[in-house]
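Please examine the protein shown here together with its ligand. A series of questions and answers is requested.

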Amino acid sequence: MNRFVRHRSVRIAAAGLMIAVALIVARLGAEAQTPGATPGAQTAPAGNTQNGKRIFASYGCFQCHGREAQGGIAGPRLGPNPVPFVAFSRYIRQPAGQMPPYTSKVVTDTELADIYAFLQSLPQPPKDIPLLNN
Ligand code: HEC
């Protein structure tokens, strides 16, 4: 190998290393941005919060779960941390207890995603209200 060739291969190796480093950095950046706040949120389809709020009222979910899905009427609290989307849609199609089933003819999968988005958008309930401890 003459000097010229050796220099060139060193430069090619250095360029390869830089590309590898850039790929790793890009990968780490993407992972850091993945939202992980709500379990199951990553697998939930993007829904329309406003439409979800509307359907939640018009399909009668609110009659048992409350207007803000706060629970306490006939059904439990549903937001702001609903069960993972897969379990959520399965339960609505085939509930196990008091709740009436909603088939995909009544509530479409898109509408379920909208309701789910609405539930996730609800404010956190207050954890501790000191006055209530007196
Ligand atoms: C007639 C009352 C009633 C109506 C209407 C109703 N639910 Fe329910 N829901 C319940 C009750 C009661 C439960 C608790 C489990 C059971 O008994 O089925 C429940 C449970 C659930 C659960 C499971 C919660 C968990 O933590 O596992 C989800 C999700 C849910 N309801 C969503 C909805 C949605 C969305 C609608 C409207 C499309 C709706 N419900 C309408 C009464 C109702």
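The questions and answers below concern a predicted model.

Q: Which pattern does the protein follow when read along the sequence?
A: The predicted model contains five helices and zero strands. Read along the sequence, the pattern is therefore written with helices, which are DSSP runs numbered from the N terminus. The pattern is α-α-α-α-α.

Q: What percentage of the contacts with a separation of 6 or more is accounted for by residues 24 or more positions apart?
A: The contacts concerned are those in the protein with a separation of 6 or more. Among these, the share of residues 24 or more positions apart is 63%.

Q: Which helix gives the most to the shell around the ligand?
A: There are 23 residues around the ligand, and Cys 61, Cys 64, Gly 75, Gly 97 and Met 99 come nearest. Helix H3 (61-65) and helix H4 (85-93) each supply at least two residues of this shell. The helix that gives the most, with four residues, is H3.

Q: How many charged residues does the shell around the ligand have?
A: By class, 17 residues of the shell are nonpolar and six are polar. Gly counts as polar.

Q: How many charged residues are in the contact of H2 with H5?
A: H2 contributes Thr 49, Asn 51, Gly 52, Lys 53, Ile 55 and Phe 56, while H5 contributes Glu 111, Asp 114, Ile 115, Tyr 116, Ala 117, Phe 118 and Ser 121. Six of the residues in this contact are nonpolar and four are polar. The number that are charged is three.

Q: With which residues is Ile 115 in contact, leaving aside its neighbours within four places in sequence?
A: Leaving aside its neighbours within four places in sequence, its contacts are Gly 52, Ile 55 and Phe 56.

Q: Is Ala 69 buried or exposed?
A: Ala 69 is placed in the loop between H3 and H4, and its phi is near 55°, a positive value in a residue other than glycine. A residue is buried if 20 or more other C-beta atoms lie within 10 Å of its own. Because Ala 69 has 21 other C-beta atoms within 10 Å, Ala 69 is buried.

Q: What is the distance in space between Glu 68 and Pro 123, C-alpha to C-alpha?
A: Glu 68 is found in the loop between H3 and H4 and is partly exposed, with 18 other C-beta atoms within 10 Å. Glu 68 and Pro 123 are 55 residues apart in sequence. Their C-alpha to C-alpha distance is 9.1 Å.

Q: Is the peptide bond from Gly 79 to Pro 80 cis or trans?
A: Pro 80 is found in the loop between H3 and H4. Omega of the peptide bond from Gly 79 to Pro 80 is near 5°. This bond is cis.

Note on methods. Residues are numbered from 1 along each chain as its sequence is written. This is a predicted model: local features need pLDDT of at least 70, side-chain atom pairs count only at pLDDT 80 or more; totals for chains, interfaces and linings use all residues. A residue is near a molecule or strand if its C-beta atom, placed from the backbone, lies within 6 Å of it. Two residues are in contact if their C-beta atoms, placed from the backbone, lie within 7 Å. A residue is buried if 20 or more other C-beta atoms lie within 10 Å of its own, exposed if 12 or fewer, and partly exposed in between; C-beta atoms are placed from the backbone.
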